[in-house]
Amino acid sequence: MKLGFSFLELIITILIILVLLFMGFAALRDIMEKSRVAEARYVLGQLRNAQQALSMFTGESAQSVKELDVIAPDKCVPTHYFRYYLSSEGQRGVAERCIKGGRDPQARISYTLSLDFRTGEFKSK
């Protein structure tokens, strides 16, 4: 009668645990990135509300994020994951994920999330 585990059984068990850990880390990274996108959606919604309020009171649209009373950096800064800007006609807000200069951790690839101020439709690239 043999007591304990063989070396092969221990190696296989450790490999299975490592594979499960790597899968868990990948899922966690995806969940964290989704929370960062939620932040961008919130800021884009604030930009939309500010743009609509400005348009309602003055009849004009802002051409720059700086013209709106919203905390939305137009360049990558250490406090935000995204930089924000308005499209050329001011009817679409865009959030671009920072790959350098933004809040850590930086994205490996840059992508954008945009909100059409007229329809409220989000698009991502």
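Arg 83 is partly exposed, with a relative accessible area of 25%, where buried stands for under 20% relative accessible area, exposed for over 50%, and partly exposed for values in between (1.4 Å probe, protein chains only). Arg 83 forms a salt bridge with Glu 96, whose closest approach between N and O atoms is 3.0 Å; the term requires a side-chain nitrogen of Lys or Arg within 4 Å of a carboxyl oxygen of Asp or Glu. Because Arg 83 belongs to strand E1 and Glu 96 to strand E2, the pair ties together parts that are 13 residues apart in sequence. Glu 96 likewise counts as partly exposed, at 22% relative accessibility.

## Basis of the model

The model is predicted, and local features need pLDDT of at least 70, side-chain atom pairs count only at pLDDT 80 or more, while totals for chains, interfaces and linings use all residues. Residues are numbered from 1 along each chain as its sequence is written, and side-chain values use heavy atoms, with hydrogens and water left out.

## Fold and sheet

The protein chain contains 1 helix and 4 strands, arranged along the sequence in the pattern α-β-β-β-β; helices (H or I, at least four residues) and strands (E, at least two) are DSSP runs, numbered from the N terminus. The 4 strands form an open sheet in the order E1-E2-E3-E4 with antiparallel pairing, two strands being paired if DSSP finds at least two bridges between them. Strand E1 (82-86) and strand E4 (122-124) are the edge strands, each pairing on one side only.

E1 is joined by 5 bridges to strand E2 (residues 92-97), and the two run antiparallel. Within this pairing, Phe 82 stands opposite Arg 97 in E2.

## Other salt bridges

The structure holds 6 salt bridges, including one between Glu 33 and Arg 36, with the closest N and O atoms 3.1 Å apart. Glu 33 and Arg 36 are separated by about one helical turn, because they are 3 residues apart in helix H1 (residues 7-58). Arg 36 is buried, with a relative accessible area of 6%, and a network of salt bridges links Glu 33, Arg 36 and Arg 97.

Another salt bridge brings together the side chains of Arg 118 and Asp 116 (3.5 Å, N to O). Here Arg 118 is exposed, with a relative accessible area of 57%, whereas Asp 116 is buried, with a relative accessible area of 10%.

## Overall dimensions

The C-alpha atoms of the protein chain fill a box of roughly 90 × 30 × 20 Å, taken along the principal axes. Buried residues make up 28% of the 125 residues in the protein chain.
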